[in-house]
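This short report walks through one protein model. Look over the sequence and structure, then read on.

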Amino acid sequence: MNLSSLNFFRNLRAEKQQFAVIGLGRFGQAVCSTLNASGYEVLAVDNDEKRVNAALTDRIATHALQLDSTEMSALREAGIFELDTVIVAVGSFLAESITTTLNLKEAGVANVVAKASSETHVKLLKKVGADLVVFPERQMGQELARLLTKPRLVDKFELDPDHSIVEMVVPDDFDTKTIAQLELRSKYGLNLLAIRTENQTLEINPLPNKRLKKGTIMVVLGSNQDINRLPI
């Protein structure tokens, strides 16, 4: 996640309870199922009758419709333009994805999330007004690579291409040492924002005399280059 993504989520109001998901492939089905299981009202949409019927049979959505999302009139008649958030999950079909996204934004839908299948697709979706573009395959690949090469990194929030906030397991080399002894700022150029204790309590701005224990969690801020220099 990065700052542009964070700004999008800040604009979502907590009371919004209705979503439409256009495209019922594996990604679209997963989004429908998760939203529906969380108690939200979900309209599932696809141009394939079998997928629409399966959504109803499997109860992954509140309602399901078969329609062509590239047709403005079909979207309007279905009431989709009246919803606050629509997820365009037809990432494998470039023309359909872009046209659908454009239709939704031109009709005034406030929040349009679109799935991309390539870097070019990402750029095109942003050009036609998508508020948030997700690229699941790339994100899964990045996450897998991180898990394989940096298994101690629990989570990462990208502030920009060069700086991040990371949640990581305290390295063995830091065990029993105080924050002051580690000299994270002078040695690594990093700021320690918080630590998560063994009882899962988050301690913000811990005192310099606080001792770290291996296996617990620390949250640091800094450049990606400096983060990569940590013994993780």
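## After helix α6

Glycine 129 follows α6, and its phi is positive, near 105°. Helices here are DSSP runs of H or I with at least four residues, strands are runs of E with at least two, and both are numbered from the N terminus.

The model is predicted, so local features need pLDDT of at least 70 and side-chain atom pairs count only at pLDDT 80 or more, while totals for chains, interfaces and linings use all residues. Residues are numbered from 1 along each chain as its sequence is written, and side-chain values use heavy atoms, with hydrogens and water left out.

Helix α6 spans residues 119–127, and its buried residues are His121, Val122 and Leu125. They cover an arc of only 105° around the axis, which puts them on the same side of α6. The arc is taken from the directions that run from the helix axis to the C-beta atoms. An α-helix has 3.6 residues a turn, so residues three or four places apart point the same way.

Thr120, Lys123 and Lys127 are exposed, on the face of α6 turned away from its buried side. Buried means under 20% relative accessible area, exposed means over 50%, and partly exposed lies in between (1.4 Å probe, protein chains only). The cover over the buried residues of α6 includes α5 (94–106), β5 (111–115) and β6 (132–134).

## Alanine 44

Strand β2 (residues 41–46) holds alanine 44. This alanine 44 has 0% relative accessibility and counts as buried. Leaving out residues up to four places away in sequence, alanine 44 touches Val21, Leu24, Cys32, Ala55, Ala61, His63, Ala64 and Leu65. Contact means heavy atoms within 4.5 Å.

Glutamine 200 is 156 residues from alanine 44 along the chain, and their C-alpha atoms are separated by 38 Å.

## The whole protein

The protein has 10 helices and 11 strands. Its radius of gyration is 22 Å, well over the 17 Å that the globule rule gives for 232 residues, so the protein is more spread out than a compact globule. That radius is taken over C-alpha atoms, and the rule is 2.2 Å times the number of residues to the power 0.38. Along the principal axes, the C-alpha atoms fill a box of roughly 65 × 35 × 30 Å.

Of the 232 residues, 41% count as buried. Take the contacts between residues at least 6 apart in sequence: 55% join residues at least 24 apart.
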